[in-house]
Amino acid sequence: MLLSSYITSVLIITVFATISSGNIELTVLRGVPSSLRSKYAQLKSFACLDGSLTIPFEYVNDDYCDCRDGSDEPGTSACPNGRFFCENKGYIGTSIPSHLVGDGICDCCDGSDEYETSVVCNNTCFELAQKSRAEQEARRALHEVGVAKKKDIMAKSIAAVSARKVRLLELEQELRTIENELKEKEALKQLAEAPENEAKEKHQKLWDEQRAIQLQKHTELDTDQENEFTVEEVRSILGADSVNFDEFNVTVFEQISNSYKKLPQPSTEAAAHLEDVTEKIDEALKQQEEATTTTSGTKGDYEEVTDHHHDDDSHHRHHHEDVDHHHHDEIITTVATSLDHGKHIHDDTAPEYDDETKKLMEIADHARNEYNEVERKVHDVKRQIEDLRKQADVDVGPHGEYAAFMDHCFDYDEREYTYRVCMFKDAKQISKGGGSDVTIGYWDAWTGPSDNKYLKMKYANGATCWNGPARSLTITFQCGVDHKVIDVREPTRCEYAMLFETPSACDETIATTIVHPNHEEF
Amino acid sequence: MKNILHLVHYIVVLFVLNIPSIENVDRSNFKTCEQSGFCRRQRKYKPDRSSYEIDLNTIKIVKSGHLRCLLLDNTKSHVKFKLDIFTLEHNSLRVKINERNPIRRRYEVKHSLVGEPKLVDMNITNLDGNQIQGSFGKAARFLLHVKPFRLDLFTNDMFVMNVNSKHLFNFEHYRKKTHEHATVGFFWMNAAEGWIDVNHNKNLFSTATKPITDNIEIPEVTTHWMFESGIFDGFFFMGPTPRDIFKQYTTITGAAPLPPLWAIAYHQCRWNYIDEDDVRGVLNGFEQHQIPLDVIWLDIEHTNGKRYFTWDLKKFPNPEKLQNDIAFYRRKLVTISDPHIKKDDAYHIYSEAKARGYFVKTKDGQDYEGSCWPGSSMWLDFFNPDISQWYSQRYLLENYKGSTENLFLWNDMNEPSVFNGPEITFPKDLVHHGGWEDREVHNLYGMLQHMSTFQGLVNRSHGHIRPFLLTRSFFAGSQRTAAVWTGDNSAQWSHLKVTVPMLLSLSVTGFGFIGADVGGFFSNPDPKLLVRWYQAAAYQPFYREHAHIDTTRREPWLFGNDNTRLIRQSIEARYTYLPYWYTLFYKQERQGVPPMLPLWANFPKDKNTFKTEDSFMIGNGLLVYPVADADINQISVYFPGENTIWYDLRTFNPYKGSETVLINVNMESIPAYQLGGVIIPRRLRKRRSSMIALNDPITLIVTLDRYLEAKGELYMDDGYTYDYRRKRQLVHRRFIFKNNELRSKSLDTSSKFVTEAWIERIIVLGYPKNPNKVIINSGDKHATPLHSYQAATHTLVIRRPGPLVTSDWTLTIS
């Protein structure tokens, strides 16, 4: 500013002159707060409060700005940067910018800022004080109720934290146990799978051999005698390039069906082998049974835990895995029994396994199922541990003030959308018109100011706006009796702002500051 | 250098819709000359010799100042034309050429001129049978060549420009490089699609048509005007000074009127302030951060589904209360009202206009339907005076529900913008009132809308309160009723830079109340750019922050304390200069001189100023070099004028004229210099809004020239009514510093205005020595105010001289 630049250097040499004024007390100290009265002692000179200049005392409040910091004109609008003190008797004394003095607008409740204008300011300090007291009392009462709830939340949070710790220990113990069990089951599985594989391979080998023999036997089909069934040969059998299914059934199949022979019977060697395997597994099982008695009761706990587990996501995942297993089984069965895919003229399907192989497979299947079951348990427990650890990592306030939010979602209905925030997880904008949901952010961090970090939280990296940034949501908390979304708006495109009432944001200091009904000074 | 010299010296007064900002416009939306049939043909048409001749026998003086004759095309069609030459007051000349018996009637532009231009007598002499000379006014003369037709214009016996007869719409302009320096202007009045080729080539027409026989190389500008329809109607303004041109042009088309005081203060806008809470929140922000503010704006989202004259009552349930609250600090609200009317039978404006047949028609006589913000829309046919009147009545308080006298207007999208139209506007074959096709009248549409809005606002207060309204589309004459902004710019340094030449182009063509969106409309400015933009625009006529709906919030306090402080300082600086700005706007109304000027307008003899695009002047006293680069700590400042002195207003350092100086800058810097010889009135006190400061005291900044002299003016009134015109309630003072005396006298003795405003401080820069005594006399009263002197900067400060602004006084320094 121009003003300040010349003041610094210019007003050293000044010609003194007397300024006539009426009531010095009243005018000279106007706008000076009592705390600064001593600096405005009516001596010969006045030192600007920033020390930049010393001026004759008559220059104070003479409606001309001399000090760079505006301190010589606390009671006029002469300085652009001065401060005027409103005494506001009956209410709180406040300091306002001195450029509000004499602007025709009553800024002080005692109207003292408009002493020089024709504007009539009603003294509103008394009503203001009453209103302010009422508001403060209402606020205090609100915080009191809120703080009680907040304490409850905090207490529950402490309990939840220790329960979580206990639970974690249990789960870790269980994990160790079932991981051991898994190892055993794996051994058993391998034990059962080895003879099964052997039998299967044998079966396959036998089948391969027989196929070759079969074709040799049916030389009437292999007209060129090369042990290969060629397209030309097929043509000669069918009498055409192609026939439909009915024709094949009636004429062609009839013609060639007699050429096929039955498969050979399983050997006695295989039967002896089966007995051996059954024995070995029984023995191993016996040993394992002895081992499991030491960790009895684990299963019951496990069930209890899964009951508690209502997390949508994990539920979903469980479901998926079940489905996958099911499919897996089905596919195996389909391959093993498939006889009806008439895509080739060769029937490539192996004949049924002999009974002994079947028995071996049954045993192996059993071992596999048991292994899978334990493996699933291991996964489950691991996931639970992971979830619990994640929960423990979530910052729910230094004393768990915001712990009640865990796993909760809150909705806010607006004209076009419902806004849903799932605390510490994500926030969505759900269209009421039936459009698809839009994620406006994933849990990011507490983003309040350094002295009040838990005032705000942010959900970031939501769906990207067309031609714009990723959406985000900032929640600002204020004290309230219930957890409730008060307002959602979009002050800037794609940056949403939510106002949220919760007892968790209530302040004990406010709750316990008694508002004196007749106290005049705050 | 020579090329540039005449380019700048010669002002082409031309009007193009919404001068596009450099990089934002998708050019593919618009035709090129090659894609326009008539333009392509015209460009190619270059006969060796003109086929047009004057029929000498037909020459007659219709009345004093009006000569008429027939113009024949002797080659092909033998079409006959009427040629009318009008000699006008203020060294101006008008030439009209129209077909004598047109097959198809040709449109003559209405609404652009203030009225019929005043004629002055012409003295005709037939020189040699091939030339007719007419002299008029003080020193103006035209020479009409008969065969081929050509018209040469002279002022003070110096040739300034001509109309040549290469073919009918081909002009050539020459200017002799002289020491006298003349500025000329040409105004081509035509509302149709047009193309103008501008060439500045020394050799282009160096032979046959050269009107002056000496061998001095003549710098010249030739322009080739190609318009689709209408008539030839050209005005020639023969200067000789830039200020003469402003006067000549605004005599014809009207001067921009004095805006309300608050309208030249700071405006806060955004697409969109969401609801009442948002508006109040922003207003509170200005209070909290102690930033002055006068106007807050609401863009299209405040309406009920882009139905203008309505409110989205969920967001703005109580607009009257909102406006009253805004007015509590004497601030104003501006709302938007575009010309497209949503097609919706339940919308009262639409249903009434539909029933009355008020919409623009297709060639088949159906109501034309196009797409704009509200979706399917129709457009009012403002060419019909009944429709214009009906439209203006929509702005009356009883018709515009929720509006109060504190609400003012913004007409956007009025080219008009039609999302699904050819070149994003009306099809050319739409039919307006009177049966005129859009191709004839297109460029008038926007002006007719805002003229109608203006009339509505005048009528709203029964002619008592000055309207304010902003328009995007404009034509010659728009300046009489609306402020103009440069449209949708972008948050780029190059766009900040280009504001200067863009605003200067508008200024010299009569649009004085102009601005560009601070910060850039599209995308997000980095804080540095935003600050620099606030600083630059603080010294430009219309000062408004505006941002696109997709940008992040950018209210002044959102970029940290330092930037908030810098922005606050810029806005505060603007407010300190409001008394000066207001005086300049008053002078514009009276004399047609725009407040923001190119350097050459004040220094027409200084060739170095002719190409200047990075700086500008406010009035004749303030030179501004906005910093428009991201990372620079030095700028090169040219101080124009021989023997001038310029004072840096931060350091009080003086600089000599005709010199270029490297000046160090930091983020605080808004390089601005006051010319020695000028007195500028300022208000160094701070207030919330301009209207609150109306009676605050004034500081006079006197910067002395080398003769230790200076002069200046101050204009004041109530800031918002027409009482300054109707009741002559105004103060217009002249300050003259000469012979160690500073005098204040009235420039308008018949005026009367009561104000408590007084002179609280006089700062004299360039005063050679510490005086013994300062005495002030006013009538029979006299006083001895205190003073102080700083020898290092030759600065004299007179403390509380104390006279009322309205009084005569003399201050004597001894």
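Student: Is A:Lys382 buried, partly exposed or exposed in this predicted model?
Tutor: The model is predicted. A:Lys382 has a relative accessibility of 43%. Buried needs under 20% and exposed needs over 50%. Because 43% falls in between, A:Lys382 counts as partly exposed.

Student: Which residue forms a salt bridge with A:Lys382?
Tutor: A salt bridge needs a Lys or Arg side-chain nitrogen within 4 Å of an Asp or Glu carboxyl oxygen. For this pair the closest N and O atoms are 4.0 Å apart. The partner of A:Lys382 is A:Glu179.

Student: How many residues apart are A:Lys382 and A:Glu179?
Tutor: A:Lys382 sits in helix 9 (residues 355–393) of chain A. A:Glu179 sits in helix 3 (residues 125–217) of chain A, and is partly exposed at 29% relative accessible area. The pair links distant parts of the chain, and the separation is 203 residues.

Student: What is the N to O distance in the salt bridge of A:Glu370 and A:Lys185, and which parts does the pair tie together?
Tutor: The side chains of A:Glu370 and A:Lys185 meet at 2.9 Å, N to O. A:Glu370 lies in helix 9 and A:Lys185 in helix 3 of chain A, so the pair ties together parts 185 residues apart in sequence. In short, the distance is 2.9 Å, and the parts are helix 9 and helix 3.

Student: What share of residues 161–191 and of residues 357–391 of chain A is helix?
Tutor: UniProt, in an unreviewed entry, lists both spans as "coiled-coil region". The end C-alpha atoms are 44 Å apart for residues 161–191 and 50 Å apart for residues 357–391. Strand is 0% in residues 161–191 and 0% in residues 357–391. Helix is 100% in residues 161–191, and in residues 357–391 the helix share is 100%.

Student: Which residues make the nonpolar surface patch of about 190 Å²?
Tutor: One of them, A:Val145, is in helix 3 of chain A. A:Val145 is partly exposed, with 42% relative accessible area. The patch is made by A:Leu142, A:Val145 and A:Val481.

Student: Which residues gather in the patch of negative charge on the surface?
Tutor: Take A:Asp282, found in helix 6 (residues 268–292) of chain A. A:Asp282 is partly exposed at 43% relative accessibility. The patch gathers A:Asp276, A:Glu279, A:Asp282 and A:Glu283.

Student: Turning to chain B, are B:Arg94 and B:Asp233 buried or exposed?
Tutor: Their side chains meet in a salt bridge of 2.7 Å, N to O. B:Arg94 lies in strand 5 (residues 92–99) and B:Asp233 in strand 15 (residues 232–237) of chain B, so the pair ties together parts 139 residues apart in sequence. B:Arg94 and B:Asp233 are both buried.

Note on methods: Residues are numbered from 1 along each chain as its sequence is written. Chains are lettered from A and ligands numbered from 1 in the order in which they are written. This is a predicted model: local features need pLDDT of at least 70, side-chain atom pairs count only at pLDDT 80 or more; totals for chains, interfaces and linings use all residues. Side-chain values use heavy atoms; hydrogens and water are left out. Patches are made of residues with over 30% relative accessible area and no salt bridge: like charges are joined within 9 Å, nonpolar side chains (Val, Leu, Ile, Met, Phe, Trp, Tyr) within 5 Å. Accessible areas come from the Shrake-Rupley method with a 1.4 Å probe; for residues, only the protein chains shown count as cover. Lys and Arg count as positive and Asp and Glu as negative; His and the chain ends are not counted. The place of a charge is taken as NZ of Lys, CZ of Arg, CG of Asp or CD of Glu. Helices (H or I, at least four residues) and strands (E, at least two) are DSSP runs, numbered from the N terminus. Buried means under 20% relative accessible area, exposed over 50%, partly exposed in between (1.4 Å probe, protein chains only). UniProt positions are given in the numbering used here, feature names are shortened, and annotations may be inferred rather than shown by experiment.
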